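Hello,

Here is the structure I promised to pass on. Please have a look, and then read my notes below.

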Amino acid sequence: MTEYPDFLVRADNQRLAYRLVAGEGPTVVWLGGFHSDMTGTKAQVLADHAQATGGAYLRFDYFGHGESDGAFRDGTISRWRQDALAVIDELTEGPLVLVGSSMGGWIACLAAIARPERVKAMVLIAPAPDFTEKLMEPELSEEARAAIAKDGFWVRPSEYDDGGYAITRELLEDGARWSILQGDVPIDVPVRVLQGGADPDVPWTHALELANALRSDDVVFTLIKDGDHRLSRPQDLERLVAAVSEARGLAAPEEGDLVARRLARAARLRNAAGLEATGIVARAAPIDEE
């Protein structure tokens, strides 16, 4: 299978860069993190897996990210949610497996709530729902708060970007409008959560709060005690591919009698366990904030 790069033009003529692998079964949709892009290690490994196994796979850059149009500082949770829904609605058909990393876990949840008839399973890596309100704003220094109050933004230093990146008043205010950790999260599909115990950006307790809030009973939370935020080591990538393969099996529409369906599902889950047949290995990728 070949991965095709292209652009989706939004209603405001801003282009979203995407790469699509046409394949069989549920489409896996990658939703990246804050200030990240679709060329990161995890997104690339899932592209390799899709091409090796014949599965359908879509990855894209939000407005202001990577190869897409727009300035990052003009982005908001509302805009990035709309981007996710646009690529889902215009570039995919049939059942979906959403794979969200960090902020992408929040966007994945918002998309699943908006498109419950399409989303059939999810894999969340260090999910950061409500991060603007619960993780980012409480950590702002007095200097940062003063800059946001005066100028409407503050440039946050970053080990991933020499120039840092802007945190705007609009981002913080808009993020609060999309809070989901105020009660039950109305998602009823199977969800697999991978979380690093040594994650300095998203505490494992935050990800667990989401797992407990999900309405679905089919939620598996995997704590990788020595794992960091990226979870991009070879052993972490193996867990990711296995989780996505399992989710694809759970999301696939089932036909035939009950016994046949159960046998087919068991076969799919057995096939999901190993990576040797696909020949996938971890490859070097640009440093990013996945």
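To begin with, the side chains of Asp 226 and Arg 233 form a salt bridge, with N and O 3.2 Å apart; by salt bridge I mean a side-chain nitrogen of Lys or Arg within 4 Å of a carboxyl oxygen of Asp or Glu. Asp 226 is exposed at 52% relative accessible area, while Arg 233 is partly exposed at 24% (buried is under 20%, exposed over 50%, partly exposed in between, with a 1.4 Å probe and protein chains only).

A note on the source: this is a predicted model, where local features need pLDDT of at least 70, side-chain atom pairs count only at pLDDT 80 or more, and totals for chains, interfaces and linings use all residues. Residues are numbered from 1 along each chain as its sequence is written, and side-chain values use heavy atoms, without hydrogens and water.

The structure has 15 salt bridges. One of them joins Asp 12 and Arg 79 at 2.6 Å, N to O. This pair connects distant parts of the chain, 67 residues apart: Asp 12 lies in the loop between strands S1 (3-9) and S2 (15-21), and Arg 79 in helix H2 (DSSP runs numbered from the N terminus: helices are H or I, at least four residues, and strands are E, at least two). Asp 12 is partly exposed at 40%, whereas Arg 79 is buried at 12%.

Arg 79 also bridges to Asp 83, with the closest N and O atoms 3.2 Å apart. Asp 83 is buried at 0%.

Finally, eleven of the 15 residues of H2 are buried, so the helix is largely enclosed by the rest of the structure.

Best wishes
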